[in-house]
Amino acid sequence: MRISYNWLQDYFADKLPSPEELKEKLSLHAFEIESLEKKGKDYILEADILPNRAHDSLGYIGLAREAGLLFEKKLKLPEYKYEKNSEKSSDYISLDVRTSLVRRAMKRVVLNVSVRESPEWLKERLFSIGQRAINNVVDITNFVMWETGQPVHAFDFDKITRGQIIIREVSDAEKITTLDGEEYVLKKGMLVISDPQKALDIAGIKGGASSRIDEKTKNIVLSVCSFEPAGIRKTSAALGLKTDASYRFERDISPEKTKEAMERLSELIAKNASGRVLSETIDVYPEPVPDFEIDIEARNLNKILGTSIADSELEKILSSLKKYSGFDWQRKGNSYSVGIPKERLDLLPSKEKFASGNKEDLVEEIGRIYGFYKIKSEEPKNFNFKPKVNTEVAFTESLKDFLVSRGFSEVMTYSFTERGQIELKNPLSSDKKYLRASLFDGLLKSLELNKRNAPLFGLDDIKIFEIGKVFGEDSEDLSLGLAVSLKNGKENKKYLQEILDELNLKGEIKDNVALAGIGKMNAPSYEGLKFDIGGNNKFKRISQYPFVLRDISLWTPSLVSSSEVRKLIEDKAGELLADIRLFDEYKKDGRVSYAFKLVFQSKEKTLSDEEAGKIMTEIEEKLTENKGWEVR
Amino acid sequence: MEEKRGHYHPLSIVGRDIIRIWSALGFEIATGPEIETEHYNFDALNIPDNHPARDLWDTFWLKSKIKNQKTKIGENLLLRTHTSPMQVRYMENNKPPFAIIVPGKTFRYEATDATHEAQFHQLEGLMVGENINLSNFKAIILKFFEEFFGEKKEIRLRPSYFPFVEPGVEVDLRNPGEKKWLEIMGAGMVHPKVLEDLGINHNKFQGFAFGMGLDRLAMIKYGIPDIRLFYSGDLRLVDQF
């Protein structure tokens, strides 16, 4: 929810605290403010309103109540003062609600409106949160939604056949063109507001073009409805049509909110579109939200939060909730009976499969106002539980220790592959359509990659392993995969077999990869595992550029150590030296011969042969400054 | 020449720390399947079908279904979007008091970038007893972070929302003296409905649950800038640790 700081100020008699203070306090007590930006003379706060607060906080009035409570600032809310005409809406329109998916429907006629450009203040408010201005009537409906959190709509009365409004479920597929000119095919069960001839509106989602307000519009029907959220969500998903209205309705907006929104809509139309608002509002509301109370005691709070909130403090919070957010409460003995405002569906029992309206919900509401950050740390008391060893984990971990001690390095590859037996309904791409049936493909790819980079690791042999789940038609099993590329005449297959034998595992070996199921393996305890395997290393950026290999061999007097030579080379080569390895050493005639493999690589560019040659020359010159050293 | 020692994957190094630290804190390690049913991943956690809370978890669905043993109806299968289903699986078979952690691979249907991966690792925690409360959570999780990072830390709790906990909180972390907080994990008190559905008397037992990203912990600890590196199979990463 995008919050304009200046817009929010409209609902306060007092000056709001600074945008930074607002951000901090809302984040600590209400919901996360993800960003705060200055925009001209205004500030924009981006609030992450999660589904539990959508009922009351997806509109400025709800946000004002929240901020008012937290800062104890005086509110200045709309009063709905406007002139009403004595004529009745029902003399012009009829309303027939034919589905149980509508919780409430309110309609009201306004005659003789003047459709024109919106006044500056209205345009400014809408622009501040990135909305477009269209005309005064449409802009007012948009404004009211952002203010109240309740989506509202206006129809051109003269475009409704015989003034008959029907809210119904679609029975046979029918087409509708929405306000933006897009055509949608509505399917059975979707909800529409229609007249006897055509659909006027995809209910709760988007208005239709056929009853659009334009500059010729004279008379309008104000429409404020409340819908079952699941139906809106299903239709919105099926049509691929998400709007600010569907976003709110699928998050469950209380039918009690329609009245406030209709009043505000009427007021603003009367004042800014010079219409004659008819006094009667048609209101179909079959099942009003019942009164609901939750009983709570300070000890309930303290038991869950681990706090020591006293009755006096609880009463103070309840009084704030009453003053700003319409909670009602009275003390009954040690307990408080708290009446829940009818818009707070997160604190009322849900008719859906969703659980809400528990004591714990109220603990959260009171707790967040108290401030979860004030909760102190306290060790659990009288907690007796003897954890068991997870023998499977003990085994896989000891397996890692063994393999690493034998020179294997661990890799992790993707569970998604091009082939397999378990197919995804919604893969990210066609080469990630399946779940891997074996670790083979991933390991082979990893082996090839690492073979190319072998000089960087100072290794002749590449030995890698992965432990991970593989998926068969009806199975999910833990698997071990080993992959090797050995040099100096060693046989890959033979070596892999030796490792499997040592581990006492049966497996199959193919193309330098060994695979073995380890799902049934276990070890009795975590004792014996190495617990100091991580250093304090910080990650060093991996170069994207190719490396260059050079060998250097030299004679030195026999007392010179290899590390002494290595240090000289490292100092001279500097940052470009990615790896250095001694690969040959022998003594002859009172001298010693060393041969090093050097790997050069830049993090910024591709090194040319000339550049590598130049460094090599410098290194050679440096080494031969020493008496009796001879580069071969 | 002698055989050189290989290298552990950084996520395994983090995983080993987790075993060490949480065992010392008295938690049992539980593990569970990566393919889950809609029931365990969502419904049993108070995330019913068509509820907007489902949007908080972008999901990979499988083409195949599994027959429910009780209802005999084909149930939707998915790749678990969090390790939380193991809360339910564990509580089906164990009575409180208990304290468990669940490390494991999880999946989200989302485009990948430096901080988002379609596969990643999570650590779930669950502690239920007669009087386990949020201040106990705070004490325990602070111990974990201080031990894990090897330095003094501060944490704070603020409101958040996960349908299977009530209240739900976000946990922020920082070094003492620092100004900025780092959002590190979600947590809360296990929702009474979750306990009730599992036949656990929620008037007698209560406790906390938490979940955090292991990849993220490793990225913070080792300064690794891109989550995708973990799954590249590239020893240029692993060789550094």
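Which residues of chain A does the UniProt annotation "domain: FDX-ACB" cover? The entry, which is unreviewed, puts it at residues 543–632 of chain A; UniProt positions are given in the numbering used here, feature names are shortened, and annotations may be inferred rather than shown by experiment. Over that stretch the chain is 31% helix and 38% strand, and its end C-alpha atoms sit 31 Å apart. Helices (H or I, at least four residues) and strands (E, at least two) are DSSP runs, numbered from the N terminus.

A word on ground rules: this is a predicted model, where local features need pLDDT of at least 70, side-chain atom pairs count only at pLDDT 80 or more, and totals for chains, interfaces and linings use all residues. Residues are numbered from 1 along each chain as its sequence is written, while chains are lettered from A and ligands numbered from 1 in the order in which they are written.

Now zoom out to chain A as a whole. It is divided into domain 1 (2–71), domain 2 (84–284), domain 3 (293–374), domain 4 (391–517) and domain 5 (548–631), with bounds that come from an automatic or database domain assignment. The centres of domain 1 and domain 3 of chain A, taken over C-alpha atoms, are 22 Å apart. Ten residues of domain 1 of chain A are in contact with eleven of domain 3 of chain A; contact here means that C-beta atoms, placed from the backbone, lie within 7 Å. On the domain 1 side, helix 4 (60–71) of chain A gives the most, with three residues. That side divides into three nonpolar, four polar and three charged residues.

After helix 10 of chain A comes A:Gly306, with a positive phi near 75 degrees.

Strand 6 (residues 102–111) of chain A is mostly covered too, with nine of its ten residues buried. It pairs in the antiparallel sense with strand 14 (residues 220–227) of chain A over eight bridges; strands pair if DSSP finds at least two bridges between them. A:Met106 is bridged to A:Val224 in strand 14 of chain A and to A:Asp283 in strand 16 of chain A.

Finally, the two chains meet. The contact takes 87 residues from chain A and 79 residues from chain B. Helix 13 (residues 391–405) of chain A gives the most to the chain A side, with seven residues. That side of chain A divides into 37 nonpolar, 22 polar and 28 charged residues.

Definitions and conventions: Two residues are in contact if their C-beta atoms, placed from the backbone, lie within 7 Å. Ala, Val, Leu, Ile, Met, Phe, Trp, Tyr, Cys and Pro count as nonpolar, Asp, Glu, Lys and Arg as charged, and the others, Gly among them, as polar. A residue is buried if 20 or more other C-beta atoms lie within 10 Å of its own, exposed if 12 or fewer, and partly exposed in between; C-beta atoms are placed from the backbone.
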